[in-house]
2 protein chains.
Amino acid sequence: MSEHVVIVGAVALGPKAACRFKRLRPGAQVTMIDRDRIVSYGGCGIPYFISGDVSDLKELRTTSFKLVRDEAFFHGCKDIDVLTRTEAVRVDRKRKVVATRNLDTGVETEIPYDKLVLATGASPRKLDIPGVDLPGVHAVANLHDAEAVRGLISTGKAGRAVVVGSGFIGLEVAEALAEMWGLEVAVVELMDHLLPRNLSPLLARMASHHLQEKGVELYFGEKVLSIEGDGKAERVVTDKRVLEADLVVLAAGVVPNGELARDAGLAVSPRGGVQVDETMRTSDPDIFSGGDCVEIKNVITGGSMHLPLGSMANRQGRVIGTNLAGGDAVFPGAVGSFAVKLFERNIAGAGLTPEQAKQAGFDAVSALVIQFDRAHFFPGKELMSLEVTVDRATRKVLGIQGFGPSGDALVGRVGAVAALMQKGCRAEDLSVLEYPYSPPFSSAMDIVNTVGTVAENMLAGLNQGISAEQFEAYFEGKQDSCFFLDCREPDNAGPYLTRHPGKWHNIPQGQLRDRLDEIPRDKTVVLICNTGIRSYEGQITLEQAGFKDVLNVHGGMAGLKQSGLDPLKQEEA
Amino acid sequence: MSEHVVIVGAVALGPKAACRFKRLRPGAQVTMIDRDRIVSYGGCGIPYFISGDVSDLKELRTTSFKLVRDEAFFHGCKDIDVLTRTEAVRVDRKRKVVATRNLDTGVETEIPYDKLVLATGASPRKLDIPGVDLPGVHAVANLHDAEAVRGLISTGKAGRAVVVGSGFIGLEVAEALAEMWGLEVAVVELMDHLLPRNLSPLLARMASHHLQEKGVELYFGEKVLSIEGDGKAERVVTDKRVLEADLVVLAAGVVPNGELARDAGLAVSPRGGVQVDETMRTSDPDIFSGGDCVEIKNVITGGSMHLPLGSMANRQGRVIGTNLAGGDAVFPGAVGSFAVKLFERNIAGAGLTPEQAKQAGFDAVSALVIQFDRAHFFPGKELMSLEVTVDRATRKVLGIQGFGPSGDALVGRVGAVAALMQKGCRAEDLSVLEYPYSPPFSSAMDIVNTVGTVAENMLAGLNQGISAEQFEAYFEGKQDSCFFLDCREPDNAGPYLTRHPGKWHNIPQGQLRDRLDEIPRDKTVVLICNTGIRSYEGQITLEQAGFKDVLNVHGGMAGLKQSGLDPLKQEEA
């Protein structure tokens with residue numbers, strides 16, 4: 001018998017490693033085993049199957065040329081043996097065998113290997129609360145969950161859903177249930193804002209505002225205590241309220257399946273992630289691992305992280321396939337890029353959030369820019385928000401996150417910066433980044449350039465900005481010590497002057513130099529315009545005229561409006 | 001008097017340099033002069049004004065917050081003096097003065113400078129042929145041209161237009177005239193395919209096919225000899241035909257306006273581009289230059305190039321503004337990224353084409369991939385084509401170009417690669433590039449990753465591909481020595497078997513290993529599938545079985561179809 005490669009786990013990483021290896025060593029024998037009957041599916045498509053965007057579950061199991069990736073496909077097209085309903089019970093590294101059990105028959109078998117790949121994936125984090133096993137409570141970790149959820153809602157009997165967790169999966173499922181099926185949906189999140197591991201509070205606020213406009217209820221900083229009901233889920237009890245629910249979706253993150261590796265004596269992190277080097281080898285050089293069960297290098301911090309994404313699994317699987325064949329491929333680690341569609345808005349990012357950067361010990365500066373996503377004179381342009389966080393000491397870009405209506409356009413900017421961050425990206429690299437320019441797609445000074453220039457100006461101490469949230473705090477709490485100066489043209493400022501007489505002031509930016517005596521020198525002057533361009537220019541003019549305490553609102557009125565903080569819509573006291 | 005900066009030219013680079021400098025040195029004096037009455041306009045928007053997408057010319061002159069950038073705007077909002085209708089006649093570097101002439105009054109004045117910026121731009125290449133000055137013959141270099149062309153077509157009297165040149169401007173104007181105004185449009189190009197400086201013949205063929213489907217006539221390899229007509233343009237005479245024309249648009253490229261610099265004794269290249277260092281200083285350290293009149297460093301070749309784009313002008317303008325204020329900003333050169341929208345398709349790219357790479361002396365390998373632009377199970381996905389060229393010796397990515405229906409999605413991929421190329425990008429960097437993944441935007445193994453893996457496989461000698469055009473040549477000319485084997489499923493292959501009996505063969509990829517004896521070993525086996533995935537797998541299977549001469553068609557049937565080469569639609573002999 002020729003070289004035998006055994007792969008435990010047949011979703012994403014496993015098949016990728018197997019197929020790549022077979023292309024390089026067509027004569028070798030590969031056996032792939034999996035507990036499930038269904039293998040090699042696109043798990044990231046589950047929310048879109050629940051929504052109905054993907055009509056048939058089979059579509060998540062087919063190639064782009066419409067062949068279903070089942071055992072026959074792997075046998076015929078790839079010359080790979082797949083054993084389904086087969087669990088890997090134990091790895092004996094001395095004898096180089098995997099002990100397996102057939103989950104239907106109970107029969108145990110030993111499979112010898114020359115090289116082994118552990119692709120055991122991750123499992124939904126279990127909530128240790130009463131009621132999680134009631135009918136109507138589901139995770140969305142595999143196609144069986146997906147079928148169950150869609151089965152339940154397509155009966156038409158579920159009117160209200162509660163989603164526990166506001167990570168990617170939680171939000172995608174919330175959208176699917178609300179948008180396509182018209183369910184009333186509430187999301188409960190333990191942390192104080194949505195996508196807490198991916199967004200700053202400000203961008204999260206923009207996303208929340210949009211979800212709420214779409215009718216999704218959001219409860220932050222709440223802990224789910226129990227799920228109750230008479231023979232099935234009927235309500236979710238949190239530490240603050242009781243929420244009616246016909247369907248409860250648990251989406252409180254996933255944890256790596258590291259038990260098989262740990263039991264075999266391989267190095268596993270305290271969080272349970274299998275530890276691998278940059279060739280994707282575990283502490284045993286004959287055993288590789290990758291995908292949702294491993295920890296990989298965080299290129300920004302130099303530490304390790306768990307990044308369970310299908311894209312990571314595929315890239316790592318290819319590296320494993322190459323190295324199984326004697327190659328020297330390297331997975332360099334990741335900056336952690338992501339994207340998520342939420343109704344008519346989209347979020348994307350890479351690297352650290354402002355908060356994570358500070359926690360990691362960086363002296364970090366964050367710049368927010370709101371600008372049109374293509375030439376401002378081109379039809380169909382929309383406002384995009386980009387926030388970039390840089391390290392004051394090294395000028396290195398630590399992270400970028402964004403929010404906007406055009407997903408492809410947002411993902412493009414974030415993708416360009418994520419690519420650069422992999423190589424080490426400084427603020428000035430963004431300022432000259434060559435995003436392809438043509439008015440239908442981008443601006444001559446594109447938003448990705450502008451956010452670099454604003455970061456550079458902040459590093460140089462030139463641009464003294466406050467965020468929309470800080471503005472709100474000042475506007476509510478510091479009205480005696482602040483002078484709020486709208487430097488837009490009178491037709492924009494007018495309604496605000498009427499709504500907040502005596503508190504809101506207006507001098508167009510172009511008239512500032514001639515009307516300096518209307519501005520008090522003993523107060524903090526807070527300048528605001530549409531998006532922050534004129535207020536920055538205004539700040540320079542006032543500082544040049546000797547004003548000592550001038551701030552401009554980054555993102556301007558657009559940031560306030562997108563965050564649901566428009567002072568025009570403020571409730572009467 | 002404080003420091004005085006004089007800027008010659010008030011479009012794009014000039015205003016950007018002036019405004020950046022003033023933000024850093026609010027007390028300094030800046031004078032900007034221009035020959036035109038209209039300044040600081042978005043020239044890249046001209047085709048969209050001609051089409052009507054941009055309804056009012058003023059939109060190309062306004063800020064994103066709707067202020068018109070005229071003399072009063074620069075005076076009030078920027079504290080910058082603008083002298084319009086003023087020509088810079090001469091620069092006296094010893095006395096540090098610019099001699100100017102008012103084009104309305106003829107009055108000559110000398111303006112002293114401490115620092116000077118030459119932003120003299122570029123002019124349309126003049127065609128030295130009879131008839132170029134006839135009424136109805138226009139360039140589209142400024143807003144006056146734009147008004148004239150739109151004025152002519154909006155009378156409704158122009159039924160047929162001829163565009164000379166198939167660069168960006170030529171094609172954008174061709175689309176504007178055909179799509180929005182319903183004109184019959186012909187494009188005449190001297191070179192043998194469109195966008196000859198930006199695309200390979202294959203991608204150009206895809207673009208041509210789409211333009212022809214939209215009714216645009218294309219004539220390649222033709223030289224315009226004269227424009228004829230009785231008091232106005234009526235026809236264009238080429239070396240091959242006569243084309244009727246009510247409107248002739250000259251778009252045969254632009255040449256840098258380097259005369260003022262050359263006359264002042266500054267270093268100017270033989271092509272007429274002002275020579276600058278990476279701080280954008282000319283050979284006189286008190287004189288900066290940038291934008292359409294300079295040559296910049298080509299980061300890929302290390303040589304210099306002329307890259308007249310508004311995006312370049314803005315980035316360079318900011319560098320000049322910083323350095324005027326004593327800073328040490330650097331413009332690192334460019335990889336030459338671009339994008340262009342053509343009806344329902346889009347083209348984008350960066351770096352060298354395959355042909356340019358060979359001309360520059362590289363031993364270059366090009367990989368073409370056609371793949372869906374988002375998860376293949378996600379609604380609305382479309383096929384995108386990406387071609388990447390790498391240097392065999394260093395594995396460096398020399399260029400990338402693409403074609404597809406979703407412009408934002410294409411520009412995003414090209415933008416990410418362009419950003420990386422600036423830092424030095426190798427084939428394997430593409431394979432692991434972290435383009436943000438979520439099914440609505442991208443694939444787990446995204447097209448930008450796949451094109452990297454194909455390039456890697458080609459460098460390793462694994463993937464022996466031919467292009468759609470090569471396939472056509474083989475299919476027509478080498479039918480006796482080739483065995484054409486469709487490795488798709490029978491329902492896809494069926495119509496081709498019927499159309500080309502005896503010449504077209506079909507064995508699905510998954511059955512190849514079992515049906516090897518149906519394949520002749522004395523012929524070149526040419527494998528084809530939908531996009532190239534299965535034909536590559538098939539090549540490996542056949543080579544493993546001892547077949548010596550196997551080729552697979554890169555881009556597969558999708559590439560043939562998009563290039564107008566579908567063997568099903570071939571004319572009967």
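**Reading strands, a helix and a core**

Me: Which residue stands opposite Ile227(A) in S14(A)?

Reply: Ile227(A) faces Val236(A) there. Bear in mind that the model is predicted.

Me: How many bridges join S13(A) and strand S14 of chain A, and in which sense do they pair?

Reply: S13(A) and S14(A), the latter covering residues 235-238, pair over four bridges in the antiparallel sense.

Me: What sheet do these strands belong to, and in which order do they lie?

Reply: An open sheet of three strands in chain A, ordered S13-S14-S15, with antiparallel pairing. Strand S13 (224-228) and strand S15 (242-244) are the edge strands, each pairing on one side only. From one strand to the next the twist averages 20°.

Me: Now a helix. Why does the span of helix H6 of chain B agree with what it should be?

Reply: Expect 1.5 Å a residue: the 13 residues of H6(B), residues 201-213, should span 18 Å, and the end C-alpha atoms are 18 Å apart, so the two agree.

Me: Which residues of H6(B) are buried?

Reply: Leu202(B), Leu203(B), Ala204(B), Arg205(B), Met206(B), Ala207(B), Ser208(B), His210(B) and Leu211(B). After the helix H6(B) comes Gly215(B), with a positive phi near 95°.

Me: Which residues touch the most other members of the largest nonpolar core?

Reply: In soluble globular proteins, nonpolar side chains tend to be buried together. Here the largest nonpolar core has 383 residues, and those touching the most other members are Val248, Val249 and Val417 of chain A and Val248, Val249 and Val417 of chain B.

Me: What does Val249(B) touch?

Reply: Leaving aside residues up to four places away in sequence, Val249(B) touches His138(B), Val140(B), Val149(B), Ala161(B), Val163(B), Val164(B) and Val173(B).

How values were computed
Residues are numbered from 1 along each chain as its sequence is written. Chains are lettered from A and ligands numbered from 1 in the order in which they are written. This is a predicted model: local features need pLDDT of at least 70, side-chain atom pairs count only at pLDDT 80 or more; totals for chains, interfaces and linings use all residues. A nonpolar core is a set of buried Ala, Val, Leu, Ile, Met, Phe, Trp, Tyr and Cys residues joined through C-beta atoms within 7 Å. A residue is buried if 20 or more other C-beta atoms lie within 10 Å of its own, exposed if 12 or fewer, and partly exposed in between; C-beta atoms are placed from the backbone. Two residues are in contact if their C-beta atoms, placed from the backbone, lie within 7 Å. Two strands pair if DSSP finds at least two bridges between them. Helices (H or I, at least four residues) and strands (E, at least two) are DSSP runs, numbered from the N terminus. Axes are lines fitted to C-alpha atoms, for helices over the stretch in contact, and angles run from 0 to 180 degrees between N-to-C directions. The expected span of a helix is 1.5 Å times one less than its number of residues.
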